[in-house]
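Subject: Structure handover and notes

Dear colleague,

I am passing on the structure we spoke about, together with my notes on it. Please have it open beside this message while you read.

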Amino acid sequence: MSARQTPTSSVPEWLSLDRRRFLGVTGSGALAAVLASCTGGGQSASEEDGEGGGDGTIQWWDQFRPLTQMLQEDLFDPYMAEHSGVTIERRQLAAADLGQALQVARRSNQLPDVHTLVGLDSAPAALVSEDWFQPISEFVDIESSPVADQIFDGMHRFDGAVYSVPLFSARQHQTIPWYNTELLTQAGVDPEDEPVTWDDLRAVARQVNDTTDAFGIFIPAQNPGYLSTVVNQLAMTAGAPGEIDWRTGEYIQDSDAFVAAVEFLLALQQDGLVHPASAAMIPRDALARWAAGEGAIFPWGPWFIGDLITESPEIVDRGLGCWSIPRPDAERRSVRAAPAGGVFWVSVDSGQPEVAADILLQMTGAEFQAALAGAMDQPPALLEAVETADVHPAYQDCVARFAEDVRIAPAPAIGHPEAWRVIAEMRPIDRDLGIILQSALSGEDIDVASELTTYRDAISAERDRALAAVQEEGIDVDLDAWVFSNWEPESDYAIEDYDAR
């Protein structure tokens, strides 16, 4: 059966266990029962035995499928060999499942010792203020680690204590057009003839549609976070600074650049170029369909190859590559990314935070960072490790494109010592960028510009409310924390720029 004849979504076999166990349950009680089969971080195995002393089992949850082998062989196995009383048990979950699992685990006091934040939909500052975590700087000298110069107040350090460390480079984005070389060749498209503009990309997708049994492009719309990221990054190629104009501090989601980005994505669907099952897909579903040859182009992050090599290495051998993020016209405009945040956090439930903190410290070393580069997930914080790592040429090409396409943006939490409190106070807006686009892609008749204005007004009002709430507590912070008058769109905002603004 050809790809064009299979429009319905299906769950890849390699996702079936996690998705059935976590999405198939009907309530938090049932999910808690499932989680009970995994020892939570609140009590270590040694404590259960009454021995104490910090030995026992470290429970570790994350979504990094391409890192599975590397984490085990380059971190966990060596660490357990050197610390005979420690056992590390890792659980890898789909990103769409992890946040739900963590929420239920917190309610039942079964949080793992170490976990990421994917799916929690809250800023780290908010989670720190809600006592999700324990600081790691009480147990290890993180300020002397190789990534010490990438640790910032309001992102990793709160009230003088370090809670997490950056493991990945900030110089990356998640809207890389990955392509299937075989399908492009069948369609008569030369992959070396890179589509520079949005119209160029649409033309390539249309040629695939018209000449093969596959579809031009995937836009997995079941995950609003994915859609929000794609819209934001495409808007930046159209001239938007991001969701905030850093020179004024104002939200600008209803600017012409954002309207154009949303309309471009809708036009791809209206032209019949998007795989019709995309509305029911999360990104991993789309990756499986891409690997099966059902579509030629899939915009996603640098971990694309690492994911494929983990599950379908023969697909990588078949041929793939990437292009730079397209833009509406010939003018090159950078995508802006905030400094890299923390990745792994030690939960408040952990009975052995000193062991968990020591494991995180090992991840900042040159040896682990080199192994991280070789796993071809997000580029490592020590970015130079990619140059000498044994990686696929397309991954090296992707990272090289980041150097051209990505600039580091300001971060209010770094620029003002109290801005993180406002971020922590802010509540999510129900109908955000991702939900707006998701609704439009599902067929809802909406006025894009009006919807974006409503969202901008809502998030602006929520920031004003959060500011007032924090100010009532006597905290000295105002909207100026979001203003960086010396920001230049095509330059990195360096640490010294915060003092000069």
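Predicted model: local features only at pLDDT ≥ 70, side-chain atom pairs only at ≥ 80, totals over all residues.

Four strands form an open sheet with mixed pairing, and their order is β2-β1-β3-β13. The edges are formed by β2 (86–92) and β13 (345–346), each of which pairs on one side only. Inside the sheet, β1 (residues 56–62) and β3 (residues 114–115) run parallel and are joined by two bridges; Trp61 has His115 as its bridge partner in β3. Helix α4 (residues 68–82) packs on this sheet, where it touches β1 and β2, and its direction makes about 165 degrees with that of β2. Helix α14 (residues 353–362) lies across β1, β2, β3 and β13, and it runs at about 50 degrees to β1.

**Salt bridges**

In general, side chains of opposite charge can pair when their charged atoms come close. How many salt bridges does a search of the whole structure find? The search gives 26, and I describe a few of them here.

Arg65 and Asp307 meet through their side chains in a salt bridge, at 2.9 Å from N to O. This pair links distant parts of the chain, since Arg65 sits in the loop between β1 and α4 while Asp307 belongs to helix α12 (residues 304–311), 242 residues apart. Arg65 counts as buried, at 2% relative accessibility, and Asp307 is buried as well, with a relative accessible area of 2%.

A salt bridge is also found between the side chains of Asp271 and Arg202, at 3.9 Å from N to O, a value to be read against the cut-off of 4 Å. Here, too, distant parts of the chain are linked: Asp271 is in the loop between α10 (256–270) and α11 (283–291), and Arg202 is in helix α8 (residues 198–211), 69 residues apart. Asp271 counts as partly exposed at 38% relative accessibility, whereas Arg202 is buried, with a relative accessible area of 18%.

Arg456 forms a salt bridge with Asp254, and the closest N and O atoms of that pair are 2.8 Å apart. Because Arg456 lies in helix α21 (residues 448–472) and Asp254 in the loop between β9 (250–251) and α10, the pair ties together parts that are 202 residues apart in sequence. Arg456 itself is partly exposed, with a relative accessible area of 24%.

Apart from neighbours within four places in sequence, the residues in contact with Arg407 include Arg171, Ser334, Arg336, Pro489 and Asp492.

**A buried serine**

Ser169 lies in the loop between β5 and β6 (176–180) and is buried, with a relative accessible area of 8%. Leaving aside neighbours within four places in sequence, Ser169 is in contact with Ala340, Pro379, Pro380, Ala381 and Leu383.

**Two backbone angles**

Most residues other than glycine have a negative phi. Asp131, although not a glycine, has a positive phi of about 60 degrees; Asp131 is found in the loop between α6 (124–129) and β4 (157–158) and is exposed, with a relative accessible area of 52%. Asp159 is likewise not a glycine and has a positive phi of about 50 degrees. Asp159 is in the loop between β4 and β5 (161–162), and at 63% relative accessibility Asp159 counts as exposed.

Note on methods:
Residues numbered from 1 in each chain as written. Heavy atoms only, no water. Contact = heavy atoms within 4.5 Å. Buried < 20%, exposed > 50% of the residue type's maximum accessible area, 1.4 Å probe, protein only. Pairing = 2+ DSSP bridges. Axes fitted to C-alpha atoms, helices over the stretch in contact; angles between N-to-C directions.
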